[in-house]
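Welcome! Please take a moment to look over the sequence and the 3D structure before reading on.

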Amino acid sequence: MAKGKDVRVTVILECTSCVRNRVNKESMGISRYITQKNRHNTPSRLELRKFCPCCFKHTIHGEIKK
C-alpha cells in the first residue's frame, strides 16, 4: 500500500551568514547543500554546521523552503 507522505524528505540547507551579510562583492554567492531528513524524528527545521566555500569557514546552514 502506498503512503500519502514519505517519511524521508529532501531538504535544502543554506548558509545563514551569507544570507545575513547579503553576499559581499568578493564572494562567489550563497552556499547550499541538499540532504535528506526523517520527518518523524526531526519535525522541526534542520540546522547543521557545514563548510561554506563562499565564507571560507564552517558556518551554520539552515533548512529553507522549496
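Predicted model: local features only at pLDDT ≥ 70, side-chain atom pairs only at ≥ 80, totals over all residues.

**Confidence along the chain**
- Confidence is highest in strand S3, residues 47-52, with a mean of 95.
- Helix H1, residues 16-20, is where confidence is lowest, at a mean of 79.

**A look at Ile60**
- You can find Ile60 in strand S4, which covers residues 57-64.
- Is Ile60 buried, partly exposed or exposed? Ile60 counts as partly exposed because its relative accessibility is 41%, and that value falls between the 20% and 50% cut-offs.
- Ile60 and Arg49 sit 11 residues apart in sequence, yet their C-alpha atoms are 4.4 Å apart in space.
- Setting aside neighbours within four places in sequence, Ile60 is in contact with Glu14, Cys15, Thr16, Glu47, Leu48 and Arg49.

**The cysteines**
- How many disulfides are there? The count comes to 0, with a disulfide requiring two cysteine sulfur atoms within 2.5 Å.
- For Cys15, the nearest cysteine sulfur belongs to Cys18 and is 3.7 Å away, so Cys15 is in no disulfide under the 2.5 Å cut-off.
- Cys54 is in no disulfide either; the nearest cysteine sulfur to it, that of Cys52, is 4.4 Å away.
- Cys15 is buried because its relative accessible area is 0%, under the 20% cut-off.
- Cys54 also counts as buried, since its relative accessibility is 11%.

Definitions and conventions
Residues numbered from 1 in each chain as written. Heavy atoms only, no water. pLDDT = per-residue confidence, 0-100. Helix = DSSP H or I, 4+ residues; strand = E, 2+ residues; numbered from the N terminus. Buried < 20%, exposed > 50% of the residue type's maximum accessible area, 1.4 Å probe, protein only. Contact = heavy atoms within 4.5 Å.
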